[in-house]
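Reader: I've got this one open on my screen and I'd like to zoom in on a single part. Could you walk me through the sheet and what surrounds it?

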Amino acid sequence: MKNDSVLPRGQGRRRGPEFPPYDTAAVAAILDRWRDQPGNLLPILHGVQQALGFVPPGAVGQIAKAINRSRAEVHGVISFYHDFRTSQPGRAVLKLCQAESCQACGSRELTAHAERTLGCKLGETSPDGAVTLEPVYCLGNCACSPAALLDGELHGRVTPQGLDRLLAQARRRP
Amino acid sequence: MTIKICVPRDAAALSLGADATAAAIAKAARQAGQAIQLVRTSSRGMFWLEPFVEVETATGRVGYGPVTAEDVPGLFAAGLLRGGAHPLAHGVVEAMPFLARQERLTFARAGLTDPLSLADYETHGGLRGLRRALGMAPTAVVEEVVASGLRGRGGAGFPTGIKWRTVASAPAQPKYVVINADEGDSGTYSDRMVMEGDPYVLLEGMAIAGYATGASYGYIYLRSEYPHALAVLNEALATLRARGVYGRNVLGADFAFDAEVRVGAGAYICGEETALLESLEGKRGMVRFKPPLPAIKGLFGQPTVVNNVVSLASVPIILDRGGKHYADYGMGRSRGTLPIQLAGNVKRAGLVEKAFGVTLRQLIEDYGGGTRSGRPVRAVQVGGPLGAYFDQRLLDLPLDYEALAQHKGMVGHGGIVVFDDTVDMAEQARYAMEFCAVESCGKCTPCRIGSTRGRELIEKIVRGKDVARNHRQLLALCDVMENASLCALGGMAPWPVLSALQYFPGDFGLPAKEPAHVV
């Protein structure tokens, strides 16, 4: 509002912030796939994230227009759910379960070990950009705690040594 | 002769290397020149033995576990294909004490069948419930479920048949069936096992619910943490459509039904049914005010049955054998069986389906075999992250909705998480509040703000700062959250905190003689 008031006259509506470019065609294809389906925003966001690795802030307007919702509503949905991210993650994503069953089997120590090894905290990416470390609250593998999910692959009874092996694999990936 | 070998494809088995084990078995058989039929089945639910390999022999299936890929050559040398003796052998699977003492109704097929083989499913009693239901009046189907005494297995324990009755009598059309597959409670995995291991029983139950209530479309709201379940459910739906079980004429009857899977996005609160409906509508998962009940105005404002996975998976056997058969199991107002999930620090972690009334001690000691670490059991959390922590004194409580409620506990979704004596209960209480703060939808103040203030108060008490005053304030805060929150998240987050304070005051640096607040 403040900025608007100092805009020189005759320049029309102030444009929104400039967002980095993204693959609009990929987003358009996903929007087309879910067009006219009731309650389609979550499937669309999942589709975009699967295709691009994250939901680009610039895509919010494109999505909102296509499903006839406000940009605020779309942004509200993206920011509500833990799954959706708005920036590029590391080359691998490691999710460590933080819930009770895994706590009972040493997940706190395992998480501390991962943070030390990667040099980043939960919710951050390692400085070399190789691994994003995320918390997750239950992977349904509670009979084999502690559990971890590395790029969608589930692992059970994960020891610090086992985690080191998984991370070494992840770092070797291009 | 071709020998049948079964290796589970359940996600927990895969997380321990079941694929590598299966590949090693196929390779070893090729090298031995022995023809085998390698079947990827569901899991028996004996997860401490996964990957669990079963070999069909004249005396029944013989089990081996845990079998890693490296164990396979040795097992072949010991005569695995004949069910030969080996340190990893457990004899005939059905006779193993962990399984032999269970009452498996909902999980009757666990470990026996290929999850996606409809032929396997029908051979083991599948589709009989739906066939019988389609021959009855919809109201008679509802009454059969009422007679079974089945209560919602998701946690709230509301009678399923009564819910169906409300939807059936609602005049508006269209109506929907929604499966709540957002199994977010730590220590639970029975929904996952059903969806990955026996998807047709869930989809059969869903069609029965549709027929009984007058709904012709369904949504399965599945949490995103279950990618294997997603793949299995989508394939199972395609098969049912192709075989005419789902579609314009369900099994040839004048009844149309179809369904689709929708994936959540990592929000615990979406397991609350009204938040789930909001999420399905493409919105933030904010809890709705009730009334109106979802049964009257649910998904897209239409009458909607929202049932948990295990609830619906229990319906086919109720229709097949009759409501009375199911109700003959159990105690008091808790009828039928409950799939209990042993988790956390327990030696034999796995699925135990038993009639209501089994005690916590029987479950943890007889079935679970104590802790995995070998240390004494100190605390047990029943019913997920909002469930109370019990200490040794309460382990003789029977698992029953009302018995646990008397001690401010809950059956919940049937998960039991065991902790040994290294656990710091003040830290567990702090975590309960922190979890509530992370997962709160933010609609009501007691939950949104109270959870953060609760975490801070616990941290102050542990630091020894103004302990008496902060303790009093924590109790008052818990009272507000319990009584003024909109849904169970804020309303029950105090339960693990209050129970930890009551049974383990020393962990907070509080004197042992605190006035009893809970119970």
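Author: In chain B, five strands make an open sheet in the order 2-1-3-4-5, with mixed pairing. Here strands are DSSP runs (E, at least two residues) and helices are too (H or I, at least four residues), numbered from the N terminus; two strands pair if DSSP finds at least two bridges between them. The edges are strand 2 (36–41) and strand 5 (89–92) of chain B, each pairing on one side only. From one strand to the next, the twist averages 20°.

Before going on, a word on the source: this is a predicted model, where local features need pLDDT of at least 70 and side-chain atom pairs count only at pLDDT 80 or more, while totals for chains, interfaces and linings use all residues. Residues are numbered from 1 along each chain as its sequence is written, and chains are lettered from A and ligands numbered from 1 in the order in which they are written.

Back to the strands: strand 1 (residues 3–8) and strand 3 (residues 53–57) of chain B run antiparallel, paired over two bridges. Look for B:I5, which sits opposite B:V55 in strand 3 of chain B. Packed on this sheet is helix 2 (residues 18–32) of chain B, which touches strand 1, strand 2 and strand 3 of chain B, its direction making about 160° with that of strand 1. Contact means C-beta atoms, placed from the backbone, within 7 Å; the angles, on a scale from 0 to 180 degrees, are between N-to-C directions of lines fitted to C-alpha atoms, for helices over the stretch in contact.

Further along chain B, have a look at helix 7 (residues 138–148), where B:V141, B:V142, B:E144, B:V145 and B:S148 are buried. Just after helix 7 of chain B comes B:G149, with a positive phi of about 75°.

As for the partner chain, the contact takes 46 residues from chain B and 35 residues from chain A.

How values were computed. Contact = placed C-beta atoms within 7 Å. Buried ≥ 20, exposed ≤ 12 C-beta atoms within 10 Å, placed from the backbone.
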